[in-house]
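Student: I've got a structure open and I'd like to learn how to read its strands and its pocket. Can we walk through it together?

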Amino acid sequence: DVDVQPGQVKIQLTFKKQGRMKLVAWSDIPLVGKVRDKTGPYEVNGDVISSQAIRGGTSVKYWFDGGDLVIQYQAGKTVRFHRA
């Protein structure tokens, strides 16, 4: 979960080969800047990713759609990541 009250927020999710992931969220709106910066180990079990970097340790379902990574929280919220 990232606070999107200030407007549009960009999220970058990076998976490292060493078993760590990094989530950074920021806004280009002046005076808002970085709103989240978390790093932690991750685990993949079937179609589920778990990590302290994702909402404090949440496990999310994931799949790929046309080259995009899609994650879905248990509450049904879905986030799509485009590969840069």
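This is a predicted model: local features need pLDDT of at least 70, side-chain atom pairs count only at pLDDT 80 or more; totals for chains, interfaces and linings use all residues.

Student: Which strand does E5 join through three bridges, and in which sense do the two run?

Tutor: That's E4, residues 48-51; three bridges link E4 to E5, and the two run antiparallel.

Student: And how many bridges does E5 make with E6?

Tutor: Five, again in the antiparallel sense, with E6 covering residues 68-72. For a spot to look at, find Asp-65, which stands opposite Asp-68 in E6.

Student: What should I look for at the turn between E5 and E6?

Tutor: Those strands form a hairpin with two residues between them, and Gly-66 there takes a positive phi near 60 degrees.

Student: How do I think about side chains along a strand?

Tutor: In a regular strand, side chains alternate between the two faces of the sheet.

Student: Now the pocket. Which residues lie nearest the centre of the largest one?

Tutor: Leu-13, Leu-69, Phe-81, His-82 and Arg-83, out of 20 lining residues. The volume of this pocket is about 630 Å³.

Student: Which strands supply at least two residues of that lining?

Tutor: E1 (10-15), E3 (33-45), E5 (59-65) and E7 (78-81) each do. E1 gives the largest share, five residues.

Student: What classes of residue make up the lining?

Tutor: Count 13 nonpolar, four polar and three charged residues.

Terms used
Residues are numbered from 1 along each chain as its sequence is written. Side-chain values use heavy atoms; hydrogens and water are left out. On a 1 Å grid over the protein atoms alone, a cavity is a set of points where a 1.4 Å probe fits but cannot get out, and a pocket is an open set with protein on both sides within 12 Å along at least five of seven lines; lining residues have an atom within 4 Å of a point. Grid points are joined across faces, edges and corners, and a volume is the space filled by probe spheres set on the points. Helices (H or I, at least four residues) and strands (E, at least two) are DSSP runs, numbered from the N terminus. Ala, Val, Leu, Ile, Met, Phe, Trp, Tyr, Cys and Pro count as nonpolar, Asp, Glu, Lys and Arg as charged, and the others, Gly among them, as polar. Two strands pair if DSSP finds at least two bridges between them.
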